[in-house]
Amino acid sequence: MKSEVKARPVSPARGRRLGALVFLSPGLAYLVVLMLVPLALLLSDTVFQRGRFGGIVYEFTTENFERLLDPLYLNVVVNSLKLAALTTLIALLLGYPTAYLIAQLPRKWKTVALVAIVLPFWTNFIIRVYAWIMLLSGPGLVNSGLKALGLGPIEVLYTEGAIVTGLLYSYLPLMVLPLYAAIDRLDPQLREASANLGASAFTTFRKVTFPLTLPAVMTGSLFVFVPSFGNFVIPELLGGSKSIMVGNLIRDQFLKARDWPFGATLALALVVALVLLLLAQSWMARRA
Amino acid sequence: MSRTRFTRRLPATMAVVGLALAVAACGGGSSEETTTVAADQLKPNADLSKQSLQVTVWEGYLPEELPKRVKEKLKVENMNIAYHDTNETAMAKLTASGDSGVDVAFVSGQYAQALNEQGLLEPIHPELIPNLANLYPEATQLSYDKGNKYSVPYTWGTTGICYRSDLVKTPPTSWNDLLKPPAWADKKVTMMTTERWLALPALKALGYSVNTDKDEEIEKVREALMAQKPHLLTYDDTTFGDRLVSGEALMVEAWDGWCPTTNEKQNIKFVVPKEGSDLWVDTMVIMKSSKNKEAAHALINYILDPEIHSWAAENINYKVPNKAAMDRVKIAPGSLLGITPAELLNGESIIDLGQASTKYSRLSADVKAK
């Protein structure tokens, strides 16, 4: 905003503020109507009681927050954190080298590689998840391949391994793209300078490349972690509902248990956790 | 055949992506105000051409050409059908504001009971529905609404074990065959995930009521389900029939209408375990807020016509509580349409438990979380 103001040095201060307001109003209206108001409603629903058919009975209670501390629900949250963190870590380990290699490609091939990365997004999400069911199922492609190699069938479908596989597959591009953007922007002279000063390739990576791309690592990790943490379709389809994540829990409160206030409380807890995470990320990005 | 129920529930899994928060956000109050119309104001000879009908029903649950035929036959101004995918979404629709705009709603028995207890339903006026005489006598003795005071049954059925008779070593007879599967069925059984049906097999195996709200009984059920979990293929509400056909599963907990017993290639059979089971009924109710009550009664009367009502048995394979309609239906060998009303009435109706139903939600989360 500041730079925008500077761009019009002749206008009087008041006009500048008015102009800024005019240009900001569509965005502000969007945020207020679609973000702040729903969030306020969500917040208010957490302190009321469950209606018999769902809905809200407007009688004050703190019971929803007490239930949040029930070890059962805490367990679900911890399990979701675990699965999302594992997904993020693997995505980083796979995504960083991928992004690094794409950045080294000639210009023409870069485009091809990037299109290939986002290509799966052109197909419906549910269809892609169903494809994994076919791949991983007992007589599926993965197992018949392993059998042919004499590695014998493995039981993956309807386990937590299948959930992580599905999450990883769905969100890996969100890790690769910001990393690629950051690595591609790096000034090659910095690496040359590092090499000239006698650093090995590994030292250059550790002391120059990686620290400079750390904000992108954080961004990519958030992009993968956030949707993984709240996902409920993949645990249901690939995990066989045998282990639930916090997204399933929230969905079930609204659609099965008819317990909107508790669902709102769980959703609020999710929002708070993710906002804390975002704050941590921006703090680290500023330090980097 | 199981496709109908499939479409009834699958959207709940899919279409809701991202909706949960929106639903949370729009949490308007469930106002209990309704326009009260005295029960005896209905006129048998009302001019239906000034009334139009809004119906909410599960997709695929009524003949597609019904609105057109209703308009021709009953001379109502218009008939519009909206769909809900689960009872819960129907409830949200019907209770979200004083006047939902819905005249006739299709919901399961325990939900009709709950709606009535909230004073949202118009009493049924039997004099406006002569076709009530087509119903089996048993269909007027349903525990959630004895005498059909505020609901008219549309379809009914029960829950049991659906299994591959060509692949099982011994046919199942007890819920325990599912809860403690023998070695040959290890990881080849599925259970339903919807809360009350998740608990049903263990409740019945332990000799409890399907409507229990006793903590110690629910705890025993939890233990049984936890012990079963390592031997389970998956929890599945929608595709268990396909899993039997593919051989991925050998025994599944199933609603009778969803068990593909008439599949000719495989030998799929259905059994109601000896410990007993439930009786579920999907009903038609008229909202108290309706401004078209005469037309609503006329519609229900028309649906109870044997020709219309038998459509459900012939096309979606659900038993209908209408004797005149069932008499028209040719029942294929092995078809579960042959289960008699008397057999069905042995099942215990699932009733709405009010606040105690959160115990089943917690049970379901607990079993799946570990």
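This is a predicted model: local features need pLDDT of at least 70, side-chain atom pairs count only at pLDDT 80 or more; totals for chains, interfaces and linings use all residues.

Residues are numbered from 1 along each chain as its sequence is written, with chains lettered from A and ligands numbered from 1 in the order in which they are written.

**Confidence**
- Chain A has a mean pLDDT of 88, and 95% of its residues reach 70 or more (pLDDT is the predictor's confidence in each residue, from 0 to 100).
- Residues 1-5 of chain A stay under 50 in pLDDT.

**Build of chain A**
- You'll find 13 helices and two strands in chain A (DSSP runs, H or I of at least four residues for helices and E of at least two for strands, numbered from the N terminus).
- Chain A is more spread out than a compact globule, because its radius of gyration is 24 Å, well over the 19 Å that the globule rule gives for 288 residues (taken over C-alpha atoms; the rule is 2.2 Å times the number of residues to the power 0.38).
- Its C-alpha trace spans about 80 × 70 × 35 Å along the principal axes.

**Where chain A meets chain B**
- Chain A puts 38 residues into the contact and chain B puts in 37 (two residues are in contact if their C-beta atoms, placed from the backbone, lie within 7 Å).
- Elements giving two or more residues on chain A's side include α2 (13-45), α4 (71-104) and α13 (260-287) of chain A.
- α12(A) gives the most to that side, with five residues.
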